[in-house]
Amino acid sequence: MSTRVLDEDATEAALLPEHPTARPDALECPSCGSSNVAQVLGDNGGVSYVCTACGHIWS
């Protein structure tokens with residue numbers, strides 16, 4: 001079943017996702033919101049992440 005949205009003049013409007021290029025499992029930087037995130041090894045073998053856009057590091 002498809003969903004349609006009509007404009008005020010009853011013409012069909014396109015349904016576009018909010019983030020068309022983002023994957024559902026993609027990480028986003030909590031500081032800047034960028035999806036340019038790399039996974040790195042933490043100090044004690046844990047996993048940390050670094051944003052390649054702003055340099056923010058978190059785990």
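# Briefing: a three-stranded antiparallel sheet

Three strands build an open sheet in the order β3-β4-β5, and the pairing is antiparallel. β3 (37-41) and β5 (57-58) stand at the edges with a single partner strand each, so one side of each lacks a neighbour in the sheet. Strands pair here if DSSP finds at least two bridges between them. The model is predicted: local features need pLDDT of at least 70, side-chain atom pairs count only at pLDDT 80 or more, and totals for chains, interfaces and linings use all residues. Residues are numbered from 1 along each chain as its sequence is written, and side-chain values use heavy atoms, with hydrogens and water left out.

**Chain overview**

- The protein chain has 0 helices and 5 strands. Helices (H or I, at least four residues) and strands (E, at least two) are DSSP runs, numbered from the N terminus.
- Along the sequence, the pattern reads β-β-β-β-β.
- Of the 59 residues in the protein chain, 12% are buried. Buried means under 20% relative accessible area, exposed over 50%, and partly exposed in between (1.4 Å probe, protein chains only).
- Among contacts between residues at least 6 apart in sequence, 12% join residues at least 24 apart. A contact means heavy atoms within 4.5 Å.
- The protein chain exposes about 5,100 Å², and carbon and sulfur atoms supply 49% of that area. Accessible areas come from the Shrake-Rupley method with a 1.4 Å probe; for residues, only the protein chains shown count as cover.

**Confidence**

- Mean pLDDT for the protein chain is 76, and 59% of its residues reach 70 or more. pLDDT is the predictor's confidence in each residue, from 0 to 100.
- Confidence is lowest in strand β2 (residues 12-13), at a mean of 54. It is highest in β5, at 94.

**Pairing of β3 with β4**

- β3 and β4 run antiparallel and are joined by 5 bridges.
- Leu-41 stands opposite Val-47 in β4. Gln-39 stands opposite Tyr-49 in β4.
- The two strands form a hairpin with 5 residues between them. In its turn, Gly-45 has a positive phi of about 85°.

**Pairing of β4 with β5**

- β4 and β5 pair in the antiparallel sense over 2 bridges.
- Tyr-49 has Trp-58 in β5 as its bridge partner. Val-50 has Ile-57 in β5 as its bridge partner.
- This pair of strands also forms a hairpin, with 5 residues between them. Gly-55 in the turn has a positive phi of about 90°.

**Ser-48 in the sheet**

- Ser-48 lies in strand β4 (residues 47-51).
- Ser-48 is buried, with a relative accessible area of 15%.
- Leaving aside neighbours within four places in sequence, Ser-48 contacts Ala-38, Gln-39, Val-40, Gly-42, Trp-58 and Ser-59.
- In a regular strand, side chains alternate between the two faces of the sheet.

- Trp-58 counts as buried at 18% relative accessibility.
- Beyond neighbours within four places in sequence, Trp-58 contacts Glu-28, Cys-29, Pro-30, Val-37, Ser-48, Tyr-49, Val-50 and Cys-51.
- Trp-58 and Val-40 are 18 residues apart in sequence. Their C-alpha atoms are 9.9 Å apart in space.

**Cysteines**

- The disulfide count is 0. The rule asks for a pair of cysteine sulfur atoms within 2.5 Å.
- For Cys-29, the closest cysteine sulfur is in Cys-54, at 3.8 Å, so the two are too far apart for a bond. Cys-29 is buried, with a relative accessible area of 4%.
- For Cys-51, the closest cysteine sulfur is in Cys-32, at 3.7 Å, so this pair is also too far apart for a bond. Cys-51 counts as buried at 2% relative accessibility.
- Both Cys-29 and Cys-51 are among the residues in contact with Trp-58.
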